[in-house]
Amino acid sequence: MQQGPGTTRVAVAGATGRMGRLASRIVEETDGFELVASLGSSSELDEMVGADLLVEFTLPQVSPRLVEFAVDHGIRVLVGTSGWSSERVESLRSRVDKASGGVLIVPNFSIGSVIASSISAMAARYFDSIEIVEAHHAGKIDSPSGTAVRTAELIGAARSELGPVAAPHADQRARGQQVASIPIHSLRLQGVHAKQDVLFGGTGEVLTISHETLAPTAYEAGIRIALQAARTTRGVSVGLDRLLDLRPAPVKDAGTSRPPGGETSGQAATATTP
Ligand SMILES: NC(=O)C1=CN([C@@H]2O[C@H](COP(=O)(O)OP(=O)(O)OC[C@H]3O[C@@H](n4cnc5c(N)ncnc54)[C@H](OP(=O)(O)O)[C@@H]3O)[C@@H](O)[C@H]2O)C=CC1
Ligand SMILES: O=C(O)C1=N[C@H](C(=O)O)C[C@H](O)C1
């Protein structure tokens, strides 16, 4: 098929699945992209050869094989599949040629979810008692969710100078699975799509940062943003947050404004942990 100049040829893996169908539709609707291959569980890996970009929504246990094949064949990858823990990401880095190849891993394409995780990382230094409760549809096969793992890792990184959170009796199974020391509790319920609460226990207060995805349409804007970034991505990068400007909008009253990255509340001056 004739391609226009600058057209990115896309293969979608998991094309018969819920997210793969959504991604395929977006690719077909977006100028500058062309869907050239659709892979399912019975496809051969080399069906993606000839594509410039693999968009990958399969299963956590299948994803590394597909991603590594793409990387080895000079195909950039946009990964949406869950299961890409920091250990898995690190093991991929040495395989990717930073000069020519790239893998962009996005644990959650919902803008609201990405903002909720970023706010959680912001709050992380102010509380020593932090737990995550995530709920997903009953058909989800993996737990904890990729989003919860990513959120815990961001919180852990934000607290790198403070150390682990207080997680008493964490050896008991009902206390959840710890990631970066943070207990994650996973619910798999009919009627739910995807939901996450990050709870911060403080002195006489509890802060809850809550996000709920009600329908897959929540992922569309993020997929569009990530597709544009993935066509030129280099090395291995994780998260949609890096593609969004999440700095607070400048405040008009110069007396209360702070530079991006500066302390933003009076609480910072009195907090004991940071
Ligand atoms: N990043 C994000 O924002 C989101 C990520 N996800 C994640 O995306 C992943 C897919 O979710 P979802 O679309 O709901 O899942 P589905 O079960 O709907 O689809 C799974 C897809 O994987 C394919 N597949 C299964 N085994 C293989 C294999 N061995 N080789 C190639 N393809 C295979 C299936 O093909 P076949 O039909 O032939 O069996 C199917 O197309 C999950 O990890 C989920 O957690 C989900 C929602 C949002
Ligand atoms: O399986 C899902 O549905 C989802 N999976 C991703 C995850 O594991 O976090 C993203 C979103 O939560 C929906």
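This is a predicted model: local features need pLDDT of at least 70, side-chain atom pairs count only at pLDDT 80 or more; totals for chains, interfaces and linings use all residues.
# Helices, domains and ligand shells

Biologist: What phi does H169 have, although it is not a glycine?
Modeller: Most residues other than glycine have a negative phi. H169 is not a glycine, yet its phi is positive. The value is about 60°.

Biologist: Which residues does a cis peptide bond join?
Modeller: Most peptide bonds are trans. One with an omega of about -5° is cis here. P144, on one side of that bond, has its place in the loop between β6 (129-136) and α5. The bond joins S143 and P144.

Biologist: Are α4 and α5 roughly parallel or roughly antiparallel to each other?
Modeller: The axes of α4 (residues 111-123) and α5 (residues 146-158) come within 8 Å and cross at roughly 30°. Angles under 35 degrees count as roughly parallel. The two helices are therefore roughly parallel.

Biologist: Is the crossing in which α4 passes α5 left-handed or right-handed?
Modeller: On the α4 side, S113, S117, S120 and A121 make the contact, and they meet T147, R150, T151, L154, I155 and A158 of α5. By class, this contact has four nonpolar, five polar and one charged residues. The crossing is right-handed.

Biologist: How many residues of domain 2 are in contact with domain 1?
Modeller: The domain assignment gives domain 1 as 8-109 + 217-243 and domain 2 as 111-214. Taken over C-alpha atoms, their centres are separated by 26 Å. The side of domain 1 that touches domain 2 divides into six nonpolar, seven polar and one charged residues. Domain 1 contributes 14 residues to the contact, and the number from domain 2 is 14.

Biologist: From which domains does the shell around ligand 2 draw at least three residues each?
Modeller: Ligand 2 is surrounded by S82, P107, N108, H136, K140, S145, G146, T147 and A194. By class, two of these are nonpolar, six polar and one charged. At least three residues come from each of domain 1 and domain 2.

Biologist: Which helix gives the largest share of the shell around ligand 1?
Modeller: There are 26 residues around ligand 1, and G14, G17, M19, G40 and S41 come nearest. By class, the shell has 12 nonpolar, 13 polar and one charged residues. The largest share is three residues, and the helix that gives them, residues 18-29, is α1.

Terms used. Residues are numbered from 1 along each chain as its sequence is written. Chains are lettered from A and ligands numbered from 1 in the order in which they are written. Axes are lines fitted to C-alpha atoms, for helices over the stretch in contact, and angles run from 0 to 180 degrees between N-to-C directions. Helices (H or I, at least four residues) and strands (E, at least two) are DSSP runs, numbered from the N terminus. Angles under 35 degrees count as roughly parallel, over 145 as roughly antiparallel, 65 to 115 as roughly perpendicular and the rest as oblique. A crossing is left-handed if the near helix is turned anticlockwise from the far one by less than a right angle, and right-handed if clockwise. Two residues are in contact if their C-beta atoms, placed from the backbone, lie within 7 Å. Ala, Val, Leu, Ile, Met, Phe, Trp, Tyr, Cys and Pro count as nonpolar, Asp, Glu, Lys and Arg as charged, and the others, Gly among them, as polar. A residue is near a molecule or strand if its C-beta atom, placed from the backbone, lies within 6 Å of it. Domain bounds come from an automatic or database domain assignment.
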